[in-house]
Amino acid sequence: MLLKRFYDDDLAQASYLVGCDVAGEAVVIDANRDVEQYIAAADAEGLRITHVTETHIHADFVSGSRQLAARAGARLLLSGEGGTDWQYGFAKTDGAVLLHDGDTFNVGRVRVDVRHTPGHTPEHLAFLVTDTATADRPMGAFTGDFIFVGDVGRPDLLERAAGWVGTMEASARTLYRSLQRFLELPDYLQLWPGHGAGSACGKALGAVPQSTLGYERLFNWALTTADEEEFVRMVLAGQPEPPRYFAEMKRINRDGPPVREHAERPGRLPAAQLPELLESGALIIDTRHRAAAAAGMIPGTISLPLGRSFNTWAGWLIPYDRDIYLIVDDDCDDCLERATRALSMIGLDAVAGYFGDEVIEAWTASGRELDIVPQMGVGDLAERRVQGGGAAPILVDVRGAAEWSAGHIPGAQHIPLGELLERAGELDRDAEVVLHCQGGGRASIGATLLKAHGFTNVSNLSGGFSEWKASGQQVETGEGEGTPPEHERAMAASREH
């Protein structure tokens, strides 16, 4: 048996190829949209992809299962569990085999046993793998978003992302029972999860790529919580806000991701075209590094620095029904490919063109001014707040709810970055507005959002909440329960990069 793991750092997402070298066959589990990587890996091992399957209807990326099965001429196997509301809409037209609890399929001498593990989603499956050439019992399980290293899949997405009101608690109880059933399996069972640290599919995911059921039984909070009521309370507390695009991913992956022959490379546009596009209200995303954007941006553009959280914030902030134009750094050889790939992974395919960073020089050469977001120091903010009256600006905290609850600046207004545009009406456009996050990254994005939508007096709190707290300034704690401190640090770091 051969096992290869593929990991997408931007999505914090794992997919797997399992092959039988004797039969020359392989199965791919939880493929993302970059299907050529699986074809190339199978070819390199002398394998043919004969089966393609996935653990569930994904919410955080466009599934590549349908496209890979078509590309490889493989059998597509999809969950038939979950009831009538969570069936794959394209299964019949694609000739997919529907899998149910207790089913088995073989990939050469590798046997795959199907377990229905609902809770994160109603249709969720786990796959137990046995190398029958050497053993008669499973060596490991592909757990998808059921069990992670150190955590379990969140049961609130049907309600919070897909809009199925009133399903969170019932899903949490279902997840608890699925875990209790799974705990009947032996401790030596290896676990290969579908996500790692930084994913919003859980709240405390570990960074190591795999674990064992025995280890998780000892140290995973969800598996050590024996009381169902306590588990329900804990699993629903402190979950990060699901990015807005999750609902779109659920719909796309349920109804049928489009099968594309290849992704078109967007064309480079002349700098002279940029003013015309801005005048027409086009959506122009500046992907340059945060430091470059801080030195000066073209007014009306939005800063989304290309990094690990690029597709997360793109999914939060970019509408699916508009063309997208990019500004990329010409000194970076692969920035255009990285940006378009990241957008494509979450179904944002409408990149109509791009500009090199020469547009910045062209803009100033034409006599126009660049837009610079002012930075306000912690000391200046504290002094002006003491003065009060008209000297005090409106302070907006754009961090997540759990971060806010764990500690925030007194008197700040809480509007998470993903909600900033839709709630901009709560802010006085004529007042001075200072945004802050944990360290400055999200606030910088938020400042350009507000400026692009008519706010003229917007600043960024330099150093963010971290510097405010480190300087000994007063901090308030919110109501409710926050996430564990280690998770707060990990999630805050992933958001800032």
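**Entry 1: the cysteines**

I began with the sulfur atoms and found that C332 and C335 form a disulfide, with 2.1 Å between their sulfurs. I remind myself that this is a predicted model, and I keep that in mind for every value here.

Next I looked up the handedness of the C332 and C335 disulfide. The torsion about its S-S bond is about 95°, so I noted the disulfide as right-handed.

Are C332 and C335 buried or exposed? I found C332 buried, and C335 is buried as well.

I then turned to two further cysteines. C20 has a relative accessible area of 4%, so I put it down as buried, the cut-off being under 20%. C201 has a relative accessible area of 1%, so C201 went into my notes as buried too.

Strand β8, residues 110–116, and strand β9, residues 125–131, run in the antiparallel sense and pair over seven bridges. What is the bridge partner of H116 in β9? I traced it to L125.

A friendly reminder to myself: strands of a sheet pair through backbone hydrogen bonds, either parallel or antiparallel. For β8 and β9, my entry reads antiparallel.

How values were computed. Residues numbered from 1 in each chain as written. Predicted model: local features only at pLDDT ≥ 70, side-chain atom pairs only at ≥ 80, totals over all residues. Heavy atoms only, no water. Disulfide = S-S within 2.5 Å. Buried < 20%, exposed > 50% of the residue type's maximum accessible area, 1.4 Å probe, protein only. Pairing = 2+ DSSP bridges. Helix = DSSP H or I, 4+ residues; strand = E, 2+ residues; numbered from the N terminus.
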